[in-house]
Amino acid sequence: MAKGRVGVNEERCKSCGLCVAACPMKVLRISDKINKKGYRPVEQFKEGCIACRMCAITCPDVVLEVFRLEDDKACNA
Amino acid sequence: MKETKIFEKPKSMIDVTTHYCPGCTHGVAHRLVAEVIDELQIQERTVAVAPVGCSVFLYNYINVDSYEAAHGRAPAVASACKRLLPDSVVFSYQGDGDLASIGMAEIVHAANRGEKITVIFINNAIYGMTGGQMAPTTLVGQKATTCPLGRDPKLAGYPIRMCEMLATLQAPAYITRVSVAKPKYTIKAKEALTKAFQTQIEGKGFSFVEILSTCPTNWGMRPVDATNWLEEHMMPEFPLGVFKTPE
């Protein structure tokens, strides 16, 4: 299965939690940090992202960027 | 480890924080429109017509030429724009208070004339900006500030189904109802928007996309609960589907 990483634009996040509910691997959660608007931004708190983009598709504030990770070795093989 | 970015903000979306409440799916609809504009490479010739309602600031978020129409009159403004600039791609983006209430005449006649415009209709079954009053699309029994005991059909009638109504007309080319409540619906919504814009670009006629949307603030729910409520209560009343498709 593909490996991925989620990038969070913390100042844009409004802490609605839709991405947390949408993530099939449950790697997202609302963090303890507070941004300038007073919301607690979402964070990826563990490995296991499969780069499915469900979080980014459901995010109303386009907070999330999704990266697919590829092993250099796997690319050569 | 090599990283490839597979999802980012569409280029025709302006990089600002929206004024929408947390969990409001207007943001998703905006992003889908921007993605479609990017993919069809029509940013330079697209004209947006913003409504009155929560999405009144559409022009601050999508980087295309824009009008702000009087309440409900967006289809009339869009018709004029399209007739004067036939090469442009014109869309109006309207809520249910705007389109199904005060703007009922404009939408019906624009559809009936078969204007070559695209209308994006956000249906969240309530008036958002003014503070949660009953809308023409409010469900029977649904509570709002002007029907605190729930909508009573004897007093206020039944929710209006815009897609079904417009589909009885001969002129419209493409009429569909989609949702952005969950990713599986959002993916289909984008396909529908793409088809709607293509219908206009190919000159086939009037296209109408109704998007079932949530309003967590005025429904008095957490955003995730609102998406579930939409699935359970709104979808049976407003079934998703294609009501008219270009030949």
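Q: What should I know before I start?
A: Local features in this predicted model need pLDDT of at least 70 and side-chain atom pairs count only at pLDDT 80 or more, while totals for chains, interfaces and linings use all residues. Residues are numbered from 1 along each chain as its sequence is written, chains are lettered from A and ligands numbered from 1 in the order in which they are written, and side-chain values use heavy atoms, with hydrogens and water left out.

Q: Which pattern does chain A follow along the sequence?
A: Look for helices (DSSP runs of H or I, at least four residues) and strands (E, at least two), numbered from the N terminus. Chain A has three helices and four strands, in the pattern β-α-β-β-α-β-α.

Q: How many residues does each chain bring to the contact?
A: Contact means heavy atoms within 4.5 Å. Here chain A brings 30 residues and chain B brings 31.

Q: What area do chain B and chain A bury between them?
A: Buried area is the accessible area (1.4 Å probe) that two parts lose on being put together, summed over both. For this pair the figure is about 2700 Å², with 59% on carbon and sulfur atoms. B:Met1, B:Ile6 and B:Phe7 supply 25% of the area that chain B buries against chain A, more than any other three residues.

Q: How many salt bridges are there between chain B and chain A?
A: A salt bridge puts a side-chain nitrogen of Lys or Arg within 4 Å of a carboxyl oxygen of Asp or Glu. The count between these chains is three. B:Glu3 forms one with A:Arg5, where the closest N and O atoms are 2.7 Å apart.

Q: Which element gives the most to the side of chain B that touches chain A?
A: That is β1(B), with six residues. The elements that each supply at least two residues are β1 (2–7), α1 (26–40), α7 (183–201) and α9 (223–237) of chain B.

Q: Which strand of chain A is joined to β1(B)?
A: Two strands pair if DSSP finds at least two bridges between them. Strand β4 (residues 64–70) of chain A is joined to β1(B) by five bridges, and the two run antiparallel. Within this pairing, A:Val66 stands opposite B:Phe7.
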